[in-house]
Each structure stands twice: as structure tokens, then as C-alpha cells.
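Please take a walk with me through the structure shown here.

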Amino acid sequence: MNAAITDIVPWEDRTRAWGLSYWAMNLGWTFGLAIGGLLAARSFTALFLADAATTLVFAAIVARRVPETRPPGTHAHSPLAGLARVFADGPFVVFLLLHLVALIVFVQFQLAAPIDMNAHGVGPGTFAALLSVNGLGVVILQPLAGPALARHDGARLLAPRRCSSARASA
């Protein structure tokens with residue numbers, strides 16, 4: 001999806017396109033968790049079958065209705081050649097490894113939180129509703145925060161002030 005945005009959306013509109021994409025994913029996360037929680041509270045088999053069915057339906061939609069977005073004349077590498085190019089880029093490999101470590105730490109809540117909440121009598125429906133609050137917060141707050149943040153330099157929003165001022169003096 002991000003590659004399709006890069007291929008299709010003009011440079012000046014990409015930030016907005018990625019923001020809308022992020023917003024839509026959180027909208028799906030919010031409602032998906034709520035519906036999934038209701039299904040899980042009744043039957044995990046029903047949840048599994050519903051997930052499998054929707055995955056197949058959306059795969060069929062993508063296969064039939066979403067065209068190739070790669071710009072004409074772009075050379076496509078084989079998957080192994082593409083991986084070789086990625087892993088030959090040392091700084092990017094370091095970034096990937098750091099991201100992997102952060103992701104492993106971040107997703108621990110997906111294992112520990114449901115176990116702990118279940119031990120405290122919180123069922124799957126309530127657990128899903130609690131998780132969906134995060135997505136609901138993004139859905140409500142992102143349209144409000146976006147215009148306010150757009151007035152600031154994106155690089156300064158991503159890097160701590162101390163880091164950017166140290167780089168400027170170097």
C-alpha cells in the first residue's frame with residue numbers, strides 16, 4: 001500500500017495520502033477489534049472463519065480490481081536480487097535490526113496483556129473494546145492534530161531538539 005501511494009500520488013500530496021491511509025487503518029482497527037471481540041466472546045472458531053473469509057474476499061478484490069502501480073519503465077528485480085540489494089546496504093540493515101528489536105519489545109503487550117487481563121477476569125470482548133480505544137483516539141485526534149503539526153518542520157518533530165541542535169553545531 002505504501003509503495004502504491006509512492007507510485008501513484010504526486011510528491012506534494014503524499015504526506016496527506018499517508019495520513020489518510022494511517023487514519024483509515026486505525027478506523028479499521030477500531031471497528032475490527034470491536035467486531036472481533038464480540039465474535040471471540042461467542043466462539044473463537046467463528047472468529048477464525050470470519051477472518052479467513054474476509055481475508056479471501058479482500059485478496060480477490062485486490063487481485064481483480066487493483067492495478068499494478070509500478071511506473072512504466074521501472075526495472076523489477078527478482079525477489080532474491082531485491083533482498084540482496086537491501087542487505088548490501090549496511091546502514092539500512094542496522095536500521096532494520098534496530099526496528100526489529102523495538103518491534104519485539106513493543107508487541108509484547110499482545111502476549112502479556114491478554115494473559116494478565118484473563119487472569120483478572122477480563123474476557124475477550126472487553127479486552128478487544130479496551131484495545132479499540134487506541135484506534136478510536138487516533139481516528140478522533142489525528143484530524144485535529146494534523147493541521148497543528150503541519151505548521152512545524154517534520155524533521156524537528158521526529159528528532160529531539162538536542163539531537164538536531166548538536167548536528168547543526170558540528
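Helix α6, which covers residues 109–119, packs against α7 at an angle of about 135°, and their axes are 10 Å apart. Because an angle counts as roughly antiparallel only over 145 degrees, α6 and α7 are oblique to each other. The crossing of these two helices, α6 and α7, is right-handed. Bear in mind as you look that this is a predicted model.

Stay with α7 for a moment and turn to its packing with α2. Here the angle is about 160°, with the axes of α2 and α7 8 Å apart. That angle makes α2 roughly antiparallel to α7, since the cut-off for this class is over 145 degrees. The crossing of α2 and α7 is left-handed, whereas that of α6 and α7 is right-handed.

A residue of α2 is worth a stop here: Ala-40 lies in this helix. Ala-40 counts as buried because its relative accessibility is 8%, and buried means under 20%. If you trace the chain from Ala-40 to Pro-124, you cover 84 residues in sequence, yet the two are 6.2 Å apart in space, C-alpha to C-alpha.

The largest pocket has a volume of about 450 Å³. The elements that give two or more residues to its lining are α2 (14–42), α7 (124–150) and α8 (154–158). Which of the elements gives the most to this lining? The answer is α7, with 7 residues. In total, 16 residues line the largest pocket, and nearest its centre lie Thr-15, Arg-16, Gly-19, Gln-142 and Gly-146. Sorted by class, the lining of the largest pocket holds 9 nonpolar, 6 polar and 1 charged residues.

The second largest pocket holds about 310 Å³ of space. Two elements, α2 and α3 (44–65), each give two or more residues to its lining. The largest share comes from α3, with 6 residues. Among the residues that line the second largest pocket are Gly-28, Gly-32, Ile-35, Gly-36 and Leu-39, along with Leu-47, Ala-50, Asp-51 and Phe-58. Thr-54 and Thr-55 line this pocket too. By class, the lining of the second largest pocket divides into 5 nonpolar, 5 polar and 1 charged.

Is Arg-151 buried or exposed? Its relative accessible area is 67%, so Arg-151 is exposed, the cut-off for that class being over 50%. Arg-151 and Val-9 are 142 residues apart along the chain, and their C-alpha atoms are separated by 22 Å.

Finally, look for Phe-95 in helix α5, which spans residues 90–106. With a relative accessible area of 46%, Phe-95 is partly exposed, because that class lies between the limits of 20% and 50%. How far apart in space are Phe-95 and Thr-45, C-alpha to C-alpha? The distance is 39 Å, for a separation of 50 residues in sequence.

Terms used. Residues are numbered from 1 along each chain as its sequence is written. This is a predicted model: local features need pLDDT of at least 70, side-chain atom pairs count only at pLDDT 80 or more; totals for chains, interfaces and linings use all residues. Side-chain values use heavy atoms; hydrogens and water are left out. On a 1 Å grid over the protein atoms alone, a cavity is a set of points where a 1.4 Å probe fits but cannot get out, and a pocket is an open set with protein on both sides within 12 Å along at least five of seven lines; lining residues have an atom within 4 Å of a point. Grid points are joined across faces, edges and corners, and a volume is the space filled by probe spheres set on the points. Helices (H or I, at least four residues) and strands (E, at least two) are DSSP runs, numbered from the N terminus. Ala, Val, Leu, Ile, Met, Phe, Trp, Tyr, Cys and Pro count as nonpolar, Asp, Glu, Lys and Arg as charged, and the others, Gly among them, as polar. Buried means under 20% relative accessible area, exposed over 50%, partly exposed in between (1.4 Å probe, protein chains only). Axes are lines fitted to C-alpha atoms, for helices over the stretch in contact, and angles run from 0 to 180 degrees between N-to-C directions. Angles under 35 degrees count as roughly parallel, over 145 as roughly antiparallel, 65 to 115 as roughly perpendicular and the rest as oblique. A crossing is left-handed if the near helix is turned anticlockwise from the far one by less than a right angle, and right-handed if clockwise.
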